[in-house]
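This report describes selected features of a predicted model. The sequence and structure are shown first, and the description follows.

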Amino acid sequence: MTRFVDAAGTVLAPLPAFAQDPEELRRMYRVMVETRAIDRKAVALQRTGQLGTYASCLGQEAIGTATGIAMHADDVLIPAYRDYAAQFLRGVPAESTFLYWAGDERSMHFPEGTPSRHDFPFSVPIGTHIPQAIGVAYAFRLRKQPRVAVAACGDGATSRGDFYEAVSSAKVWNLPVVFLISNNQWAISLPRARQTGAQTLAQKAIAGGIPGEQVDGNDVIATRHVLERALAAARAGEGPRVIEAVTYRLHDHTTADDARRYRAEDELEDAWTRCPIKRLRACMATLGCWSVADEEELEAQAAARAEAVAQAYFAVQPEMPQAIFDSLYATLPTALGAQRAEVMTAPAPQTEH
């Protein structure tokens with residue numbers, strides 16, 4: 001496992017060049033803190049009935065941050081449903097995340113002129129998006145484009161056939177694709193040890209004939225370093241990679257879940273000692289590039305940013321009910337046409353989420 005900084009923030013090995021720049025460390029930390037503040041706001045909105053079921057990324061901010069920074073603008077992200085930091089860095093407005101969990105499909109229409117415009121929407125079904133990365137990467141190869149597809153998934157997805165089929169195909173065709181596994185130790189209520197007998201998830205790459213490696217997913221420096229190296233190799237024609245970022249899900253699976261039913265409290269308390277934000281903050285303090293005043297200022301900025309995102313979400317007018325019919329068919333069947341007409345005569349929707 002690659003690790004540069006331990007849980008206490010102690011530097012264990014010479015840092016990569018980017019991590020020797022205090023501004024880069026502060027940049028990564030800022031993204032992680034703002035992502036957590038936005039995540040916290042989303043949970044609060046769900047608890048007060050202003051948002052649907054929500055999947056928190058609490059504890060996994062380092063992986064998304066490293067992904068968003070390591071990728072090139074013209075690469076393609078095929079995300080799962082906790083990759084918020086990566087999406088924010090690639091230009092997805094944070095309020096789009098709120099809209100998505102409120103059931104508004106416009107949320108996945110990413111802005112023109114941003115890297116996210118190339119990217120795929122969230123995939124909530126487990127693992128079904130992973131083979132799609134093969135099609136994307138194959139297109140890059142046919143066009144001779146130096147671009148990489150990044151397929152992000154959780155530990156549970158690696159137990160599905162979709163994952164194995166994609167890994168096998170990626171090697172057979174020598175495709176520029178990186179499979180990024182966020183191993184947060186829990187596939188909903190099923191612990192890592194009960195879903196697979198593999199000693200690591202990274203070693204699942206071996207059967208496909210491609211390199212696989214582990215990285216400490218709570219160490220944003222190590223995660224970015226490993227991802228940049230894998231992306232560079234794939235871009236240079238050296239084929240696919242599997243990366244297992246070892247982390248922990250500090251929140252319930254979603255806001256519809258209660259992890260206290262199946263997870264021991266002392267396990268969660270132990271996991272908090274490896275929190276990625278605490279780790280980088282301690283590291284920066286040790287290196288002399290972060291202070292209590294810096295922290296207080298950033299916390300205030302992050303809280304204001306989260307509130308601004310919520311207000312932008314509230315300001316979006318709901319779609320008219322007939323919109324659910326409008327992207328299904330080139331020509332709407334007669335039966336559905338009648339239903340659409342009926343919906344159009346119904347009372348107008350409320351203007352508040």
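Which residue in E7 is the bridge partner of valine 215? The partner is alanine 245, and the strands concerned, E6 and E7 (residues 241–246), run parallel and are joined by 5 bridges. Both belong to an open sheet of 5 strands, paired in parallel, whose order is E1-E2-E3-E7-E6. Because strands E1 and E6 each have a single partner strand, they stand at the edges, and one side of each lacks a neighbour in the sheet. On average, and with direction ignored, neighbouring strands of this sheet are turned by 20° against each other.

| Strand | Residues |
|---|---|
| E1 | 76–78 |
| E2 | 149–154 |
| E3 | 177–183 |
| E6 | 212–216 |
| E7 | 241–246 |

Helix H2 (residues 61–70) lies across E1, E2, E3 and E7, and runs at about 165° to E3.

Elsewhere, helix H1 (residues 22–47) packs against helix H12 (residues 292–315) at an angle of about 45°, with the axes 8 Å apart, which means that H1 is oblique to H12. The crossing of H1 past H12 is right-handed. By class, this contact of H1 with H12 has 13 nonpolar and 7 charged residues, but no polar ones; among the residues that meet are Val33 and Ile38 in H1 and Leu298 and Val309 in H12.

Valine 92, in the loop between helix H3 (84–89) and helix H4 (94–101), counts as buried because its relative accessibility is 5%. Leaving aside residues up to four places away in sequence, valine 92 touches Gln87, Phe110 and Ser116. The C-alpha atoms of valine 92 and aspartate 119 are separated by 9.8 Å, the two residues being 27 residues apart along the chain.

Note on methods
Residues are numbered from 1 along each chain as its sequence is written. This is a predicted model: local features need pLDDT of at least 70, side-chain atom pairs count only at pLDDT 80 or more; totals for chains, interfaces and linings use all residues. Side-chain values use heavy atoms; hydrogens and water are left out. Helices (H or I, at least four residues) and strands (E, at least two) are DSSP runs, numbered from the N terminus. Buried means under 20% relative accessible area, exposed over 50%, partly exposed in between (1.4 Å probe, protein chains only). Contact means heavy atoms within 4.5 Å. Axes are lines fitted to C-alpha atoms, for helices over the stretch in contact, and angles run from 0 to 180 degrees between N-to-C directions. Angles under 35 degrees count as roughly parallel, over 145 as roughly antiparallel, 65 to 115 as roughly perpendicular and the rest as oblique. A crossing is left-handed if the near helix is turned anticlockwise from the far one by less than a right angle, and right-handed if clockwise. Ala, Val, Leu, Ile, Met, Phe, Trp, Tyr, Cys and Pro count as nonpolar, Asp, Glu, Lys and Arg as charged, and the others, Gly among them, as polar. Two strands pair if DSSP finds at least two bridges between them.
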